[in-house]
Amino acid sequence: MKAAEIEEMFARLQELNPHPTTELEYTTPFELLVAVILSAQATDVGVNKATRRLYPLANTPQAILALGEDGLKKHIATIGLFNAKAKNVIATCAILVERHGGEVPRDRAALEALPGVGRKTANVVLNTAFGESTMAVDTHIFRVANRTGLAPGKDVRAVEDALLRRVPPPYLQDAHHWLILHGRYVCKARKPDCPQCVVRDLCHWPDKTPA
């Protein structure tokens, strides 16, 4: 995509959805952090169902530690890989209490040092909880960036770096959410809804689905 096409793409996405955000339900940076850890290989819908049960009882590192690993598992057992995720959440809570005063750090290195937190999760927290212009590349963003020609790359880090270079600064804060939602609901993996796509004329994909 040329710079003018990219500018137009994000102008249209912004007009369609001026204030995009994550579909994970949260009220604090800690709730978001736990929800993102739980969302690995799981749907946001499934995570929200679990956290609606969990957070009224325990929504701080101290409260989740008080539940214990077995107690936490009871609340997240409907989520895939819940055993490993419970272990990571408990370990993360312990580190937050011991090293960060029970608060989620606004620092990439400190976030990535938490169990169950990789670069993508850190980027989500930095962007959504703290308003930083980071780009968390998931399967949807990776697909949209490559398929449209927006920011082609062979792996997620290459796509992340390309997006940070190519997305115009005024749109960078919200670009992560626009691209995820576009990939989730329009530019889907198996059958993209090209006829209803607001950027279909800008997209460089040669195999657009017909009306």
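**Notebook: cores and overall build**

I looked up the largest nonpolar core first: it has 34 residues, and Leu33, Ile64, Leu72, Val89 and Leu111 have the most contacts inside it. A nonpolar core here is a set of buried Ala, Val, Leu, Ile, Met, Phe, Trp, Tyr and Cys residues joined through side-chain atoms within 4.5 Å. Buried means under 20% relative accessible area, with a 1.4 Å probe and protein chains only.

At least two residues each come from α2 (29-38), α3 (44-54), α4 (61-76), α5 (82-100) and α7 (119-129). The most comes from α2, with 8 residues. Another core lies apart from it, with 26 residues, including Met9, Val144, Ala162 and Val199.

I note that this is a predicted model, where local features need pLDDT of at least 70, side-chain atom pairs count only at pLDDT 80 or more, and totals for chains, interfaces and linings use all residues. Residues are numbered from 1 along each chain as its sequence is written, and side-chain values use heavy atoms, leaving out hydrogens and water.

I picked out Val89. Leaving aside residues up to four places away in sequence, Val89 touches Val34, Ile37, Leu38, Ile64 and Leu72 (contact means heavy atoms within 4.5 Å).

I turned to the whole chain. I found 10 helices and 0 strands (DSSP runs: H or I of at least four residues, E of at least two, numbered from the N terminus). The radius of gyration is 18 Å, close to the 17 Å of the globule rule for 211 residues, so the chain is as compact as a globular protein of that length. That radius is taken over C-alpha atoms, and the rule is 2.2 Å times the number of residues to the power 0.38. Buried residues make up 47% of the 211.

Key: Buried means under 20% relative accessible area, exposed over 50%, partly exposed in between (1.4 Å probe, protein chains only).
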